Amino acid sequence: MAGAGADADDTRRKTGSVSHIGNKHKRQDMYQQYRKDKAKSKLKRRLKLAKAERSSKEGKSLRRERLASNKQQTIENTRDFNPTILNLPNTHEVPEWMKSQEAPPTSVDAQDEEDEEDKGEDEEEEDEDEEEDEDEDEEEAQNHSEAPEQVEEEESIEEEVQDPQLAKYDMDNDPTAPPAILITTSLPSNSTSPHLTSANARSHPAEAVREFIKELLNVFPGAEYRARAKAKGAGLGKICSWARARRFDAVLVVGEANKKPCSVTLVALPLGPTALFRLTSVELGKEIYGHARPTPHTPELILNNFTTALGHRVGKLLQRLFPLVPDLEGRQVVTAHNQRDFVFFRRHRYEFRSADKAALQEIGPRFTLKLMSLSSGLPKGAGAWNGRFVDELEEVPAADDPHAGDSAEYSTNDGIEFKWKPKMSVSRRNFYL
């Protein structure tokens, strides 16, 4: 019996298991004693290691080994495999499955040996390459003399093929010009304003939405707000078609729910894509303690941690909202930081308090975006684009315009590239941006 009791005590000391004790109060006392013994042994081990790192000659090496072995596992460095990653993350640790794919660096000595071996081979191949180059030059000269017209036709075809997405920049040729952005609101339903029967009367946004739009007009230099009531009940596709014909580069629609902004729909013109973001954690500039005052200068843009193919597409969509060349005199910077598929939007100003140190003062607003869907092309109802622009006072080209269907490559495409579903959040280590 004594041997069985000793074995039970050893089991309790090693694993903390007290299930073999029948008395409840005795089990509680034994388990509490196990917790105390475990804490004491852990503290004793840590003090012994700290003393060895301080006093021994190999203290620094022991500390480096301990820190290298005590790498904390986070959701970022243990993310699931994603074959669409284009580059390594620039803000978080590299996942384990990506470390295994990295090629080991070659030593300098090995590279020198390879270079010496290649020199002998290169000297032997130089004579052969010279003879081949002479033959190729003669053939090229004959080809140019025989068909100069074909070469001119090919060059003219390459010049004609342009990206209509950059049509405005090609025409204006001013990289400092801010992109023209049309900001409007969503059309509320009867459930939010049941006493109003007119759609135009229901299109007036709530006060919180109007304040948020004022902040967006400060953030984007080329933004312009148009009330949804002016659309006279037209859908988002018709609005995008109207904006596309008037040289707007993007349409930004702020959705409203419970008299607060809840979503952002971003449409890149003239060809798309269309992205729907969920909007949360909105804080205006005046609500931020110690905020700075905004200035009309063009801010810099920092896109952080967009690593996958979908992330690069979303990053380019956000990049098109700002001019190509920022105004550095304003010292303003806008950051879109992606972490776990949540895009945190912040705006700061640099403060050079001395010649060696710089600080950041937040201007605002701050909010968080979550990508819900991304579709190529424009919303339904926009129609095909003929590649032409109209003046501000002209009407939108009619549907029976004979030039409307000239360019088939400018037609919209409603294919869905990404759509968030609740089952995607089952694994917390699966990221898409």
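**View 1. Asp341 lies in the loop between strands β7 and β8.** This is a predicted model. Asp341 is not a glycine, yet its phi is positive, about 70 degrees. Its relative accessible area is 7%. Buried means under 20%, so Asp341 counts as buried. Arg340 is found in the loop between β7 (332-339) and β8 (342-351). Arg340 also has a positive phi, near 55 degrees, and is a residue other than glycine. Arg340 has a relative accessibility of 35%, so it counts as partly exposed.

**View 2. Two peptide bonds are cis, one ending at Pro270 and one at Pro365.** Leu269 is joined to Pro270 with omega at about 10 degrees. Pro270 sits in the loop between β4 and β5 (274-283). The bond from Gly364 to Pro365 has omega near 0 degrees. Pro365 belongs to the loop between β9 (359-362) and β10 (366-375).

**View 3. Thr368 is a buried residue of strand β10.** The relative accessible area of Thr368 is 6%. What does Thr368 touch, leaving aside its neighbours within four places in sequence? Its contacts are Arg278, Leu279, Thr280, Ser281, Phe342, Val343 and Phe344.

**View 4. Helix α10 is mostly covered.** The helix spans residues 236-245, and seven of its ten residues are buried. They are Gly237, Ile239, Cys240, Ser241, Ala243, Arg244 and Ala245. Against which strands do these buried residues pack? The partners are β1 (181-185), β3 (250-257) and β4 (260-268). After α10 comes Arg247, with a positive phi near 65 degrees.

**View 5. Helix α11 has its buried residues on one face.** In this helix, residues 309-319, the buried residues are Leu310, Gly311, Val314, Gly315, Leu317 and Leu318. Look down the axis of α11: they fall within an arc of 155 degrees, so they line one face. An α-helix has 3.6 residues a turn, so residues three or four places apart point the same way.

**View 6. The largest nonpolar core holds 38 residues.** Which members touch the most others? They are Phe220 and Leu252. Helix α9 (residues 207-219) gives the largest share of this core, five residues. Apart from this core lies another, of twelve residues, including Ala180, Cys240, Ala243 and Val253. Now return to Phe220. Leaving aside neighbours within four places in sequence, Phe220 is in contact with Ile181, Leu252, Leu321 and Phe322. In soluble globular proteins, nonpolar side chains tend to be buried together.

**View 7. Arg366 forms salt bridges with Glu283 and with Glu362.** The closest N and O atoms of Glu283 and Arg366 are 3.8 Å apart. Glu283 lies in strand β5 and Arg366 in strand β10, so this pair ties together parts 83 residues apart in sequence. Glu283 is partly exposed, with a relative accessible area of 30%. Arg366 is partly exposed too, at 22%. For Glu362 and Arg366, the closest N and O atoms are 2.4 Å apart. Glu362 counts as buried, at 13% relative accessibility.

**View 8. Glu351 forms a salt bridge with Arg353.** Their closest N and O atoms are 3.0 Å apart. Is Arg353 buried or exposed? Arg353 is exposed, with a relative accessible area of 65%. Elsewhere, salt bridges that share partners join Glu211, Lys214 and Lys286 into one network. How many salt bridges does a search of the whole structure find? The search finds nine.

Terms used: Residues numbered from 1 in each chain as written. Predicted model: local features only at pLDDT ≥ 70, side-chain atom pairs only at ≥ 80, totals over all residues. Heavy atoms only, no water. Buried < 20%, exposed > 50% of the residue type's maximum accessible area, 1.4 Å probe, protein only. Helix = DSSP H or I, 4+ residues; strand = E, 2+ residues; numbered from the N terminus. Contact = heavy atoms within 4.5 Å. Arc of directions from axis to C-beta. Core = buried A, V, L, I, M, F, W, Y, C linked by side-chain atoms within 4.5 Å. Salt bridge = Lys/Arg side-chain N within 4 Å of Asp/Glu carboxyl O.
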